Amino acid sequence: MSEIAVELRNITKIFSGVTALDGMSIALKKGEIHGLIGENGAGKSTLIKVLSGVHIPEKGEIIFDDQPAKYTSPLEAKRMGITCVYQELNIAKDLSITDNLFMGEYVKSKSGLLDYTYMNKRAREVMEEMGQDLEPTKQCGLLGMGQQQMVEIGKSILSNSKVIILDEPTSSLGEKESQLLFEIVKKLKAQGKAILFVSHKLEEIFEHCDVVTVMRDAKHIITTPTSAINKDQLISYMVGRTLSNLFPKIKTTPGDVAMEIKDFSSVGAYRNINFKARYGEILGFAGLVGAGRTELFRGIFAADKKDSGQIIIDGKVQNIKSPAKAIANIAFLTEDRKAQGLVLSETIARNISLVNLSTFTRGLFLDDKKIISQAEDCVKKLRIKTNSIYKLAGDLSGGNQQKVVIAKWINMKANIFIFDEPTRGIDVGAKIEVYNVMNDLIKAGKCVIMISSELPEILGMSDRVIVMRGGKIMAEIDCSSDQFNQEDIMKAAWGGVLKS
Ligand SMILES: Nc1ncnc2c1ncn2[C@@H]1O[C@H](COP(=O)(O)OP(=O)(O)OP(=O)(O)O)[C@@H](O)[C@H]1O
Ligand SMILES: [Mg+2]
């Protein structure tokens, strides 16, 4: 028996003129964690969708267990032993854990009725195997992102898959949830499963993968043991050039206070929050996922109700009752971009102009020329991978969709910009473009607030950092002072005492 579980040979996949896979090959070995990395739009998700039966390639072969394999749907792939946890989760939120786990493959009892006694029992066992003590009848919509992902992985365990594919599984998970996920993945590896793991987080690739394959422009670039390559080499294979400075921090002199938050509280979310954000600076908000940062800024933006507190902008107390009002001063790039930021059935150009149509009017009419030049400018600046600004947002790769949302918000006429996890799901090269956009904003005298769970980016780009934990501000750190270091921020975020 071969040590290879599944292999793609010379696969080509074309979408209406766009070659998403160009003679791509990859072999996944049993008992191995194989990382897959590449810029946004490189073809990673397409590769996965070919492997899991969603897309049928124009050319090439799939070899499964040493035999040429033909399957034309995810269900057929699953029956053969290949399952996938997609970038956009596939959970039916109004159904129970059991229903989600057994969907399409319900078990019937002898009498011909659905055997929920058996299915609930199995569902409980499978979730317990992953350390999740959950009632199998619980509706999946009530679970957190991490737990929903566990249900997805549960499907693979239940169907006893030989090949398990994870497309950016940690992009919306907190630190603890990610660790748990990797523990489960390691268990699956020990059982001899072949695992394909897509991530933009280089640290994860190095820490957890045995081998890594790099893709660029729809092609295979290299496959190598992770122990035989370093971070800089990996980056240059990905982007086809060397990136000298991952954090292009610029020095500006902060100006007046743009926004002051006084005694902000919302029961169960955050308490007694006080801070000032200045023009011409990047104020980082550090903390672990769940520290209350998103909730706080949703409160400030009036997207959620708060219990008490005051917002002072340019020295004047504001009475912001709705996001529609907040938009006059504040642009808020939300964390959940799919749900709050993008209309998938609209073009890139239309999405970029959506929030601020008033900017684009000439008299009563929309200024198409301005919309077009703005959109083209953004596509260039943020390196959105597309052949046209009229492409539908839904046809872009996950990371490129994120860039469209960023483009839409940076064109706002606001003076205060809040970015919530701005580089999540974005490749290393594009991250730099996003940082440059922030730099442009502070150079133009705007105030930028960056919420991020990525410590390197907080340290690399902020002028000042506020650390939150459990809904409270734990520390405020001036990054220009010599005394500050990464450890201080970690301690404040994780718990423990700050050095003074
Ligand atoms: N359904 C589709 N219709 C048209 N083009 C598509 C479709 N799906 C993907 N593409 C195009 O194929 C290319 C590869 O996309 P893919 O989603 O595989 O990239 P990716 O490597 O997963 O990127 P990301 O890191 O952003 O998730 C992109 O140019 C994308 O626009
Ligand atoms: Mg993708």
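Helix α1 (44-51) lies across strands β1 (4-15) and β2, and runs at about 120 degrees to β1; helices (H or I, at least four residues) and strands (E, at least two) are DSSP runs numbered from the N terminus. The angle, on a scale from 0 to 180 degrees, is taken between N-to-C directions of axes fitted to C-alpha atoms, for helices over the stretch in contact, where contact means C-beta atoms, placed from the backbone, within 7 Å. This is a predicted model, in which local features need pLDDT of at least 70 and side-chain atom pairs count only at pLDDT 80 or more, while totals for chains, interfaces and linings use all residues. Residues are numbered from 1 along each chain as its sequence is written, and chains are lettered from A and ligands numbered from 1 in the order in which they are written.

Strands β1 and β2 belong to an open, antiparallel sheet of four strands in the order β2-β1-β4-β5, two strands being paired if DSSP finds at least two bridges between them. Because β2 and β5 (67-68) each have a single partner strand, one side of each is left without a neighbour in the sheet. Two bridges join β4 (residues 59-64) to β5, and I63 stands opposite P68 in β5.

Both β2 (18-29) and α1 each supply at least two residues of the shell around ligand 1, as does α14 (398-410). That shell holds 19 residues, with N40, S45, T46, S397 and G399 the closest, where a residue counts as near if its C-beta atom, placed from the backbone, lies within 6 Å. Domain 1 (4-239) and domain 2 (257-494) both give residues to the shell, so ligand 1 lies between them; the domain bounds come from an automatic or database domain assignment.

Definitions and conventions. Contact = placed C-beta atoms within 7 Å.
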